[in-house]
Amino acid sequence: MPSFVSATLFALAACPAAGVRVSRPALAHVRASSVPQSRREAVRGAALAAAAALVGASAPAFAEKSKGYMTMDEYNKLKAREAKDQRLYGQFEALRTRASQTSEFNKLAESGDFSKLSELSRGWEATIRKELLEAAAKELEGEAKQKGQDINKLVLADLKGIDKLAKAGAGDEVPAASASLRQHVLDFVALEPQRLQDTFGVGDL
């Protein structure tokens, strides 16, 4: 019957990860012993089991250091960020387009259609400012976020001012007010994060 020492030597020899060196003479002594074949298989099985246990214990740390894959959680977070950035890019593009449409205020003022002028200013406040500009400002970061929030207040003041002019029938003052609105919208568009243009923008063809 093999001794406990013999079995241990075989286990350590079969598992270098244990960090223990077994001398050749010691191993030779064990091999030369009169251990029945079935006993040798038993010892070998114990050695392999010990090796597997050691390797298994060190696997998580190894995988963490050399991880070349993305977990499902990391993938979902990445996709969520991409969707968020795409939505933000769309908001900036819409605001860029809307800035060029502020001339509509002037046309209504020139035609004396002050009821529609008032309606347009209130429509801008409820949709373009609130749903696009204000929503986009909340997604900005750092200094740009604060600037965006400040511009949002200026745009709100511009729109309230145009509505007030419409109710007063002061059509001559509307062009200056709409020009202020246009500039503030463009100032906000200038805050667009560069990563959005890099990812979704269309370069020169």
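**Salt bridges, then the fold**

I began with Lys77, which is exposed, its relative accessible area being 55%. I keep in mind that this is a predicted model. The partner of Lys77 is Asp73, and in this salt bridge the closest N and O atoms are 3.4 Å apart. Asp73 is partly exposed, with a relative accessible area of 46%. I noted that both residues belong to helix H4 and sit four residues apart, about one turn of the helix.

I recorded Glu143 as exposed, at 59% relative accessible area, and Lys147 as partly exposed, at 40%. I then found a network in which salt bridges with shared partners join Glu125, Arg129, Lys130 and Glu134.

Which residue does Lys84 meet in a salt bridge? I found that its side chain meets that of Glu139, at 3.2 Å from N to O. Lys84 is in helix H4 and Glu139 in helix H6, so this pair ties together parts 55 residues apart in sequence. Both are partly exposed, Lys84 with a relative accessible area of 38% and Glu139 with one of 31%. For the whole structure I wrote down 13 salt bridges.

I turned to helix H6 itself, which covers residues 114–139 and reaches 35 Å from its first C-alpha to its last, close to the 38 Å expected at 1.5 Å a residue. Where does H6 bend? I located the bend at Arg129, and its angle is about 45 degrees. Arg129 is also among the buried residues of H6, which include Leu117, Trp124, Ile128 and Leu132. The cover over these buried residues includes helices H4, H5, H7 and H8.

On the surface I noted a nonpolar patch formed by Met70, Met72, Tyr75 and Leu78, with about 420 Å² of accessible area together. Leu78 has its place in helix H4 and, at 39% relative accessibility, counts as partly exposed.

Last, I looked at the chain as a whole, which has nine helices and zero strands. Of its 205 residues, 29% count as buried. Among contacts with a separation of 6 or more, 72% come from residues 24 or more positions apart.

Terms used:
Residues are numbered from 1 along each chain as its sequence is written. This is a predicted model: local features need pLDDT of at least 70, side-chain atom pairs count only at pLDDT 80 or more; totals for chains, interfaces and linings use all residues. Side-chain values use heavy atoms; hydrogens and water are left out. Helices (H or I, at least four residues) and strands (E, at least two) are DSSP runs, numbered from the N terminus. Buried means under 20% relative accessible area, exposed over 50%, partly exposed in between (1.4 Å probe, protein chains only). Contact means heavy atoms within 4.5 Å. The expected span of a helix is 1.5 Å times one less than its number of residues. The bend at a residue is the angle between axes fitted to the seven residues ending there and the seven starting there. Patches are made of residues with over 30% relative accessible area and no salt bridge: like charges are joined within 9 Å, nonpolar side chains (Val, Leu, Ile, Met, Phe, Trp, Tyr) within 5 Å. Accessible areas come from the Shrake-Rupley method with a 1.4 Å probe; for residues, only the protein chains shown count as cover. A salt bridge is a side-chain nitrogen of Lys or Arg within 4 Å of a carboxyl oxygen of Asp or Glu.
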